[in-house]
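Please look over the sequence and the structure first, then read on.

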Amino acid sequence: MPSLPGQPRPGPATARPRLRILDGLRILAAVLVLMHHYTRQEVWGRDAFGWLTTVGRYSWMGVELFFMISGFVICMSAWGRPLGSYLRSRVIRLGPAYWFCVLVTTGVLLAVGKPFGGAGPGLSQILTNLTMFQTPLGSAQLDMSYWTLWSELRFYLIFAAVAWTGLTYRKVLNFCWIWTVASLLAPSSGLPVLNVLANPDYSPLFISGICFYLIRREGPRAGEPWVLLGFSWLLMQRWLNDIVSWNTVKGDRLSWEMCLLVVTLCYVVMAAVALGWLDRIDWRWLSVAGAMSYPLYLLHQQIGVTLLHQWRRDVEPWTLLLSATAVMLLASWLIQRFVERPVAGRLKRFLENRPGRPAQAARETP
């Protein structure tokens, strides 16, 4: 865990206390995305929630906060870790909950059908989605929320290149500058591979998260990350034009200025985390809530919208909205507690139990 300004930086073996404020931001981002999907007029056939519908039009930007947190957390967790440990941790973290949620979503779609009609998922689509690489393989998503996983996976893979020989302040900063330049060149390069790897629409958010971690680790006087943060913000405001158009529904164009305000607020909050201003928010229950955010994100959209669409004419909107949200939160906790945790533990032991390695060493955490 990075030190606060004025404190010595921990070595690789130092225990890393959990930043519970990041857990709180995770669950906040997940609930914001849920609110966006559950309050849309397309689901209810009308504006059913007034002011909440208006807020929900912009709450999809919880994804932008997710990406920024991911840059921070991945850099923090990979620091002082060998490459193999870093890659295994990503598989252990992402796999169990995702595979289970894919199977649950498949079961609901086969039993109830899609909310707005259309054929149910085929066997090939289901199996391809289990790989988590359905986007590059050209297969349809079982749940549209899965689109963010491809952005996350690309970030993990290219960051592995810099984590390979160990992370240092200068090496990570150089990586961020190179990624920024690649993102600038990719759209007009005519090179699809560069565009896929650079992920220019969202790379400024991951890069910003990394910079905030470097500030947290090195202290606020580290000037270069601030410069890169400012440039990343400028790039992000440009790409917001495209992102806003993607989220426009039936000509109801979103306000670019409002989207920019929300992104800027995300930057302000993450700056407060990096500077240690929010460290007093250290409630234990935030760790549980943060752990629930991943299964909540995976589970909520396809299943939730399907159920809302099924019962919207029979149940009062606010009652149905609050009930669906409560059910999803409970389901997410159950998945995290009784599926993700035990399966992740077994998967960890399996991946670390290499031939010729003593059993005791296989059980030790790198």
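Val181, Leu184, Leu185, Phe231 and Leu234 make a nonpolar surface patch of about 430 Å², where a patch is built from residues with over 30% relative accessible area and no salt bridge, nonpolar side chains (Val, Leu, Ile, Met, Phe, Trp, Tyr) being joined within 5 Å and like charges within 9 Å. Helix H8 (169–189) and helix H11 (223–246) are the elements that give two or more residues to this patch, and H8 supplies the largest share, 3 residues. Leu185 is found in helix H8. Accessible areas come from the Shrake-Rupley method with a 1.4 Å probe, and for residues only the protein chains shown count as cover.

## Basis of the model and overall make-up

This is a predicted model, in which local features need pLDDT of at least 70 and side-chain atom pairs count only at pLDDT 80 or more, while totals for chains, interfaces and linings use all residues. Residues are numbered from 1 along each chain as its sequence is written, and side-chain values use heavy atoms, with hydrogens and water left out.

The protein has 15 helices and 0 strands, these being DSSP runs (H or I, at least four residues, for helices; E, at least two, for strands) numbered from the N terminus. Of its 366 residues, 52% count as buried, a term that means under 20% relative accessible area, with exposed meaning over 50% and partly exposed in between (1.4 Å probe, protein chains only). The protein exposes about 17100 Å², of which carbon and sulfur atoms supply 66%.

## The nonpolar core

The largest nonpolar core has 105 residues, and those with the most contacts inside it are Leu22, Phe72, Phe159, Ile210, Phe212 and Met270; such a core is a set of buried Ala, Val, Leu, Ile, Met, Phe, Trp, Tyr and Cys residues joined through side-chain atoms within 4.5 Å. Helix H4 (residues 62–78) gives the largest share of this core, 12 residues. Leaving aside neighbours within four places in sequence, Phe212 is in contact (heavy atoms within 4.5 Å) with residues including Met68, Phe72, Leu229 and Met270.

In H6, the buried residues are Gln125, Ile126, Thr128 and Asn129. Seen down the helix axis, these buried residues fall within an arc of 165 degrees, so they line one face of H6; the arc is that of the directions from the axis to the C-beta atoms. They pack against helix H5 (83–112), whereas Leu123 and Ser124, on the other side of H6, are exposed.

Met132, in the loop between helix H6 (123–130) and helix H7 (147–163), has a positive phi of about 75 degrees although it is not a glycine, and is buried at a relative accessible area of 8%. Asn199, another residue that is not a glycine, has a positive phi of about 50 degrees; it lies in the loop between helix H9 (192–198) and helix H10 (203–218).

## Salt bridges

The count comes to 9 salt bridges, each a side-chain nitrogen of Lys or Arg within 4 Å of a carboxyl oxygen of Asp or Glu. One of them joins Arg216 and Asp279 (2.9 Å, N to O) and links distant parts of the chain, with Arg216 in helix H10 and Asp279 in the loop between helix H12 (256–274) and helix H13 (285–311), 63 residues apart. Arg216 is buried, with a relative accessible area of 4%, while Asp279 is partly exposed at 24%.
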